[in-house]
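Open the model in your viewer and keep the selection panel at hand. The stops below say what to select and what is found there.

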Amino acid sequence: MSYNVAIDGPAGAGKSTIAKLFAKEMGFIYVDTGAMYRAMGLYFHGKGITPQDIDKIKEGCKTVDVSISYENGKQLVWLNGEDVSKKIRTEEIGGLASSYAVVPQIREKLVELQQKLATTADIVMDGRDIGTVVLPNADLKVYLTASVKERAKRRYKELIDKGMQVTIEEIEEDIRGRDYRDMNREVSPLKQADDAVVLDTSFMNIEEAAKALKELFEQRKDA
Ligand code: CDP
């Protein structure tokens, strides 16, 4: 039997960094579901199809192919046979992803893919609806969060380190907008699963948060 760990939370809470560290230490596979929504955003936006164009999205979902593979433990994202792993890592695509993530047809398609992946190995999966919709029977569900100010500070540093020109005010506004869309959409809004453990990382560094996650898993596994 394989273990499933589900991590949900708002943008910039540190989900992916912490999940990656956990996966490495525990020999789990890390599944980044946000990357799949980013690929969908890239695809439909590139085709000039808006999130309101439901008929065209329905059609597009029948043929678009999003998949993931692993190279030396690193997740690669493929869109219709093209490796888009790097292309999807911009703030613009992050925002687009959250606009298209409100569309039920897109969610259905990706949830099915994610559920299939979860049966293949020990996995830690992060996103917005993992504990509530994708893996309701996960062995451990964590809701990872941090204050808006702290999340904006982290994201700002990350982007400045990458050489991008942004202001902290812009980033904070972007995070607030994304939180609002993610938490208030009709389908699978971001919310804490009833049986999730809350981990607030506002005052934790990455190592401390990863250690806390590992401890939670060990307790759960042995329970
Ligand atoms: O890295 P960051 O937290 O900024 O974003 P991400 O995890 O790459 O996800 C991008 C967007 O995809 C989010 O803002 C969500 O709107 C959407 N998403 C979702 O709806 N459900 C998921 N399971 C994962 C992401």
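Select strand 1 (4-8), strand 2 (29-32), strand 6, strand 7 and helix 9 (206-222): they are among the elements that cover the buried residues of helix 1. Cover here is contact, meaning heavy atoms within 4.5 Å. Helices (H or I, at least four residues) and strands (E, at least two) are DSSP runs, numbered from the N terminus. This is a predicted model, in which local features need pLDDT of at least 70 and side-chain atom pairs count only at pLDDT 80 or more, while totals for chains, interfaces and linings use all residues. Residues are numbered from 1 along each chain as its sequence is written, and side-chain values use heavy atoms, with hydrogens and water left out.

Now select helix 1 itself, residues 15-26. Its twelve residues reach 16 Å from first C-alpha to last, close to the 16 Å expected at 1.5 Å a residue; the expected span is 1.5 Å times one less than the number of residues. Colour Lys15, Ile18, Ala19, Phe22 and Ala23, the buried residues of helix 1. Buried means under 20% relative accessible area, exposed over 50%, and partly exposed in between (1.4 Å probe, protein chains only). These residues cover an arc of only 135° around the axis, which puts them on the same side of helix 1. The arc is that of the directions from the helix axis to the C-beta atoms. Glycine 27 follows helix 1, with a positive phi near 75°.

Move on to helix 2, residues 33-46. This helix has 14 residues and reaches 20 Å from its first C-alpha to its last, close to the 20 Å expected. Ten of the 14 are buried, so helix 2 is largely enclosed by the rest of the structure. Among the buried ones are Met36, Tyr37, Arg38 and Phe44. After helix 2 comes glycine 48, whose phi is positive, near 75°.

Which residues are closest to the ligand? Select Arg38, Arg107, Asp129, Asp182 and Arg185, the closest of the 19 residues that surround the ligand; a residue counts if one of its heavy atoms lies within 4 Å. A side-chain N or O atom of arginine 38 is 2.6 Å from a ligand oxygen. For arginine 107, a polar side-chain atom lies 2.8 Å from an oxygen of the ligand. Aspartate 129 places a side-chain N or O atom 2.9 Å from a ligand nitrogen.

Keep aspartate 129 and arginine 107 selected: they form a salt bridge, with the closest N and O atoms 2.9 Å apart. The pair links distant parts of the chain, aspartate 129 in the loop between strand 6 (123-127) and helix 6 (130-134) and arginine 107 in helix 5 (residues 104-118), 22 residues apart. Both aspartate 129 and arginine 107 are buried. A salt bridge is a side-chain nitrogen of Lys or Arg within 4 Å of a carboxyl oxygen of Asp or Glu, and by this rule the count comes to 19.

For another salt bridge, select lysine 62 and glutamate 59, whose closest N and O atoms are 3.0 Å apart. They are three residues apart in helix 3 (residues 54-63), and therefore separated by about one helical turn. Lysine 62 is exposed at 63% relative accessibility, and glutamate 59 is partly exposed at 49%.

How values were computed:
A polar contact is a pair of N or O atoms within 3.5 Å; within protein, one must be able to donate a hydrogen and the other to accept it, and residues adjacent in sequence count only if both atoms are side-chain atoms.
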